[in-house]
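Visitor: I'm new to reading protein structures. Could you walk me through a couple of features?

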Amino acid sequence: MSTLIKQDILVELLANAGTGFEQVRATGKEAFQTQGFPTNKSEEYKFTAITKKIEQSIQNYAAAGAFEVTAAQVKEHVFEGYAGDVLVFANGHFQPELSSSVDGVEILPLSDKANTALGSIAKPEKDPFCALNQSSFDGGVFISVPKKALIQKPILFLNFFKANAGQVIQPRVWIEVGDFAEVTFINHSVNLSDASYFVNKVVEVKGGVNTQIRYYKLQNEGKNAIEVSNIETDIQKDGRFTSVNISLSGEMVRNNLSLNILGSNSEGNMYGLYLLNGKTHVDNHTNVDHTVAHAESNELYKGILADSSRGVFNGKIFVRQDAQKTNAFQQNNNILLSEDAVVNTKPQLEIWADDVKCSHGCTTGQLDEEALFYLQARGIAKDQARGLLLYAFAGEVLEHITDESFREYCIAKVQERLGSNF
């Protein structure tokens with residue numbers, strides 16, 4: 001993408017951005033102008049030509065504004081059996097009148113909260129799309145969970161997307177969780193448009209001492225959608241953060257997830273599942289930065305790819321010199337169901353400490369023919385046997401979802417996908 005086009009995009013988005021946060025936006029603008037959109041020479045985007053895809057698919061760089069969402073639509077898309085609170089968004093804009101009031105939790109549109117800390121966790125200089133969002137985000141929410149709060153019911157982000165062809169949606173979420181608090185967030189998107197649009201989302205999570213935070217995301221965009229998601233969290237002493245990310249659809253999707261482990265006896269967990277068919281392209285980039293001693297991280301990502309789909313996994317674990325007694329595990333496993341499906345996987349460890357337990361690995365292959373034959377020999381039809389094996393492969397990720405209603409919803413979506421064109 002040329003410099004001229006890059007500047008045109010930024011000018012257009014800045015003209016349509018919300019007001020306020022002048023210094024925050026200026027920092028983001030400067031970082032984006034320095035980096036620009038990633039090229040095919042950018043190592044971090046080596047296997048994902050997202051700039052080319054944006055250039056081909058996005059014609060109108062104006063921000064897609066909020067639109068009317070009805071209570072009936074909200075009710076329709078809250079999954080069966082869900083008993084938690086619901087926060088409703090229309091193209092990234094928080095809709096308080098349709099949302100729950102969570103006892104003891106401060107929830108405000110970003111426009112109503114002077115938060116100068118934006119960009120202090122998901123730093124704009126680390127990723128061009130972080131920088132683009134920070135310079136021109138339009139809509140978003142501020143959430144503050146107080147100290148010692150035990151939020152027993154999950155909080156569902158119900159995101160409705162409806163954009164004209166080529167528009168841009170840039171939500172921004174700031175979450176801060178006080179010391180000794182516990183909370184679960186679920187991020188679920190509902191696509192109401194078949195048009196090509198671009199979602200560029202940034203979520204910053206500031207954890208306190210001994211916090212327990214769970215963040216689950218089901219990504220199931222329209223087949224023409226382009227999405228970049230940057231989620232980054234600070235994990236303090238005795239804290240625990242668990243992410244489960246499930247990707248099912250979209251034209252091109254980039255999921256960036258970063259955990260900054262800043263306190264001893266803390267733990268970061270990252271689990272991911274991508275079930276891809278057609279020409280869907282999903283790129284999962286994860287980053288765990290161990291900066292202190294006596295901490296742990298666990299990572300398991302699994303992919304099932306059919307047709308001409310493409311998956312990318314790049315997981316990085318950094319163990320700094322002071323991070324002795326670190327225990328870090330990383331694994332990426334993939335099953336290819338077509339000769340045209342492709343996966344590029346690159347697990348990475350960079351270790352500067354000498355008293356650690358760290359391991360990583362990856363596998364890519366096809367279904368186990370012996371296991372398939374074994375099930376057929378016991379009277380199970382081939383298609384059913386195939387589905388059972390694929391679900392067993394995927395289930396190891398789904399079991400890390402603690403909310404039963406959301407887990408059952410995800411299981412149903414996965415089984416539906418596995419029983420269709422796979």
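Visitor: Which residues in α7 meet which ones in α8?

Guide: Keep in mind that this is a predicted model. From α7, the residues are G387, L390, Y391, A394 and L398, and they meet R407, C410, I411, V414, Q415 and L418 in α8. Sort the residues of that contact by type and you get 8 nonpolar, 2 polar and 1 charged.

Visitor: And how do I describe the way two helices pack?

Guide: For two packed helices, you give the angle between their axes and the distance between the axes. Here, α7 (residues 382-398) and α8 (residues 404-418) pack at about 150°, and their axes are 10 Å apart. That makes the two helices, α7 and α8, roughly antiparallel, since an angle over 145 degrees counts that way. Their crossing is right-handed.

Visitor: Okay, next topic: how many salt bridges are there?

Guide: The general idea is that side chains of opposite charge can pair when their charged atoms come close. In this model the count comes to 14 salt bridges. One of them joins K53 and E251, with the closest N and O atoms 3.1 Å apart. K53 sits in helix α3 and E251 in the loop between β12 and β13, so the pair ties together parts 198 residues apart in sequence.

Visitor: Is K53 buried or exposed?

Guide: K53 is buried, because its relative accessible area is 18% and buried means under 20%. R320 is partly exposed at 31% relative accessible area, while D289 counts as buried at 15%.

How values were computed: Residues numbered from 1 in each chain as written. Predicted model: local features only at pLDDT ≥ 70, side-chain atom pairs only at ≥ 80, totals over all residues. Heavy atoms only, no water. Axes fitted to C-alpha atoms, helices over the stretch in contact; angles between N-to-C directions. Helix = DSSP H or I, 4+ residues; strand = E, 2+ residues; numbered from the N terminus. Parallel < 35°, antiparallel > 145°, perpendicular 65-115°, else oblique. Left-handed = near helix turned anticlockwise from the far one by under 90°. Contact = heavy atoms within 4.5 Å. Nonpolar A, V, L, I, M, F, W, Y, C, P; charged D, E, K, R; others polar. Salt bridge = Lys/Arg side-chain N within 4 Å of Asp/Glu carboxyl O. Buried < 20%, exposed > 50% of the residue type's maximum accessible area, 1.4 Å probe, protein only.
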